[in-house]
Every structure is written in structure tokens, then in C-alpha cells.
Amino acid sequence: MEDAKFRRCHGCDLVVEVAKVAKKQNAHCPRCNTQLYRGNRISLNSDLAIAVAALLLFIPSHFFPMVTIQLFGVMIPATLPSGTITLMSEGFPMLGLLILFCSSIVPFLVCGSVVSAHLALRRKWFTLFRLSVSTIQHLKDWMMLDVFLVSLAIACFKIQDHADIFVGSGLYGLVLLLFVTSLLLTHVSARRYWRAWQRKHQQKIEAPITRPETSIHCEHCHFTQQSGTHCIRCKRPIHSRKPKSIQKTWLYLLTATIFIIPANVLSISILLTNGKRLEDTIFSGVAGLIKTDMYGIAIIIFVASIVVPVAKILGLGYLLLCVQFKRSVFHQQRMAIYSAVKWIGKWSVMDLFVISIMMTLIDRGQILDFTPGLGAVAFGLVVVFTMLAAESFDSRLIWDNYERTDKS
């Protein structure tokens, strides 16, 4: 464990005493139930091995066909990045970049950062080490391979009446990549890497905690120390709360609220079949799935594309109002809302993934043609801004009034 006897919970800022945790056991905050630390299940070298395996799996999962369909006698293969490339070439570069970022770039950066963190740890390259660990910490929530796989299944169900579908070797590589990256995310921890840096290079902490009540938590390396302007371990600026957290969250949230209107009113997809132009909004797409007896897919799309974005906006708006009006009750319930908002956020990207896959599988220029509408662009902006809003919100603000109530 760390040399300090005390640390602050990064979820609610409660000062807790550091205790030893046995292997395969976790330590949680007694007030907000945030996981503080856990017994090491695998070593850092195991993290490295998993990351290397994931990087190797990028070759079959990204360059071999996931599925191939036979449409009007033509065999059309689909790789993971082919849909995003089609989107970019057809006039939707930002939408294609968002999908490529979540499905390919982020997993590659996170796995690559684990490798570079180990290299920097061995060579004592502090700048590279800090950048690598920061990349892992801030980008891992944007990894959406699981969402992509579910989206692939939905796209295949939607076109099964139009074409014959054949599973490719790339799909097996993608499933293995999802398994390996999920295993990596389960164990990788920025705090563990910073502890390893401190232990390996014998970094001495010259400012021990003498007054726990005036200590401060570094959100970058999760080190608790006496008040100061910069972290004595990672050298980054530290603050008792995220600077302008409320203002930034409101800005992102209001922007997402504005774009959610055209996202639901404008067409999200356009299908050309037998000379007919069929434009679908999110609602009409769900209604069409119900009419064709695809109730399961209709429920999934309805929840991911309508319920989740609205729930995120309402949930974060409620939390912001409670903080600003200094509500002194139901702190644990509000913390649970914040955790749920962060967890469900990535699933709202599902409809965009389906669109990119459909653009690959349905060959353009044939009798059957598929393209996204302007509603898809607006929906992409809703997804980005709601996720940014969740990240910019400081959950410790929920508990500030709780502390004042305790002291009074």
C-alpha cells in the first residue's frame, strides 16, 4: 500500500484510513461505496502481456472480414473500419471519426499506453510514463467494442431478409479482442502504476500528511497529500474540486439538450429500395421494427437511442440542481444516479454503429442503398456532449453539503 496512513475518497472526498486488502478483495468507501483500492489479482507484467495480446488481435479483428453478405449476387465483405471509411467518403467525416475513435482508436491507444507505461517505468522516462497513465485513465471509458458487437448483431438482423450473411474470421478476432480488452480494463489501474513508479524509483514523499482534514486528493494519480498547488508525485496541478465543474457540465448539458431535438426530429437514416426513398427518424425506425415483429431489437434501439440520452440529460440536470440548491438529503441516491449515468453513457452510440455497419453491408449504387441523415449527425453530437458532461461533473460536489450538515 502507499506510505500514507490516510487517503481521501475520490468519489465523495471522505478521509479514510488506509488498510491492507487481501488478494481478490476490494476496499470501498464507507460513505459513498466508491471502490478505493483492491487486492492485486494479477501483476503489472500480466497487464503488459494482456495489452500485447490485444495489440496483436487488432490485425485479424480490423483487417479480416467480420461478416460477408451476398446481395444481388455480389459478395460484400465488411471489416471493422470499413463503415467509418465509407461515412467519411460520403460526406460525414465527423460522424465517421467518432465511430472510428470509439471502436478502434481508443482501444489501440489504451493498449498501447499500457505497453509504453511499462517501457517508461523501466527506462525512467517520467513524461512518457505520465502521459501513458493519463491516457489509460481518461480514455478507457470511451472503449466501446462491446457496443459495436451488439450493433453488428442488430445490423445483421435488420438485413437478413435482404441478403445471405456469412461469418468471417474477423468476427472471431473481434470477439477475442473484446474479451482481452475487457480483462485488461478489469485490472488496469492508474493508481497501481503510480505506486509502482514511486516504489521502483524510490521517490521520497517529503510532505507527509500531518492533518488529514486539510489534505487534498490528486485526481490524476490518486495520491492524497497536504494542501498545495501541484501534486508531489505526478507534478500536475491539484484542486480540491475540479475547476469550474458546474459551469462546464451545464454548458455541455445544455448543448446536448439543444441537439437532441433535431436528433429526434430529422431523419437518422435513409433507405433507397426499389426506387423508393424511405427516411426514418429514431421513433419511426423503432416503429418499423415493431411492425416487422422485431420486438427485441426495437426495445434495444428504443432504450439506447431514446431512453439513455434523455435519462443522462435529466439525471445530470437533477444532480446539478441539487448541488446548486444545496440539497442535504439523499446523497447516496444521487451518487448512485451519477454512477448509472456514467455507466450507461456509451450505449447511446449503438444506433450510430448500426448505421456505419449498414453502410458497409448494403452496397451503394445497387437497387438497395443506405445512407445516414442529418439526424445522425445531431445524435452524434448529443452522445459526445452528454459523455463530456458526465466526465466534467465532480461527484465530490454532491457531498459538500453533507459535510456541512455533519459539522453543524
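What is the volume of the second largest pocket? In this predicted model, the second largest pocket has a volume of about 650 Å³. Its lining comprises 28 residues, and those nearest the centre of the pocket are Lys 158, Leu 271, Asp 280, Gly 285 and Leu 289. At least two lining residues come from each of the helices α5 (145–159), α9 (282–291) and α12 (350–361) and from each of the strands β10 (269–273), β11 (276–280) and β12 (368–372). Helix α9 makes the greatest contribution to the lining of this pocket, with seven residues. By class, the lining holds 15 nonpolar, eight polar and five charged residues.

The packing of two helices was examined next. Helix α1 (residues 44–63) and helix α3 (residues 93–123) have axes that come within 9 Å and cross at roughly 145 degrees. The crossing of α1 and α3 is left-handed. On the α1 side, the contact is formed by Leu 44, Asn 45, Asp 47, Leu 48, Ala 51, Val 52, Ala 54, Leu 55, Phe 58 and His 62. On the α3 side, the contributing residues are Ser 103, Ser 104, Pro 107, Phe 108, Cys 111, Gly 112, Val 114, Val 115 and His 118. Sorted by class, the residues of the contact between α1 and α3 are twelve nonpolar, six polar and one charged.

Phe 393 is located in the loop between α13 (374–392) and α14 (397–407). Phe 393 has a relative accessible area of 0% and is therefore buried, the limit for this class being under 20%. Leaving aside residues up to four places away in sequence, Phe 393 touches Lys 242, Ser 245, Thr 249, Leu 319, Leu 320, Val 323, Tyr 338 and Ile 398. The C-alpha atom of Phe 393 is separated by 9.2 Å from that of Lys 244, although the two residues are 149 residues apart along the chain.

The other two loop residues have positive phi values. Lys 124, in the loop between α3 and α4 (126–139), has a phi of about 65 degrees although this residue is not a glycine. Asp 293 lies in the loop between α9 and α10 (295–324). Phi of Asp 293 is likewise positive, near 65 degrees, in a residue other than glycine. Asp 293 is classed as exposed because its relative accessibility is 54%, which is over 50%.

Note on methods
Residues numbered from 1 in each chain as written. Predicted model: local features only at pLDDT ≥ 70, side-chain atom pairs only at ≥ 80, totals over all residues. Heavy atoms only, no water. Axes fitted to C-alpha atoms, helices over the stretch in contact; angles between N-to-C directions. Helix = DSSP H or I, 4+ residues; strand = E, 2+ residues; numbered from the N terminus. Left-handed = near helix turned anticlockwise from the far one by under 90°. Contact = heavy atoms within 4.5 Å. Nonpolar A, V, L, I, M, F, W, Y, C, P; charged D, E, K, R; others polar. 1 Å grid on protein atoms, 1.4 Å probe; cavity = no way out; pocket = protein on both sides within 12 Å on 5 of 7 lines; lining within 4 Å. Points joined across faces, edges and corners; volume = space filled by probe spheres on them. Buried < 20%, exposed > 50% of the residue type's maximum accessible area, 1.4 Å probe, protein only.
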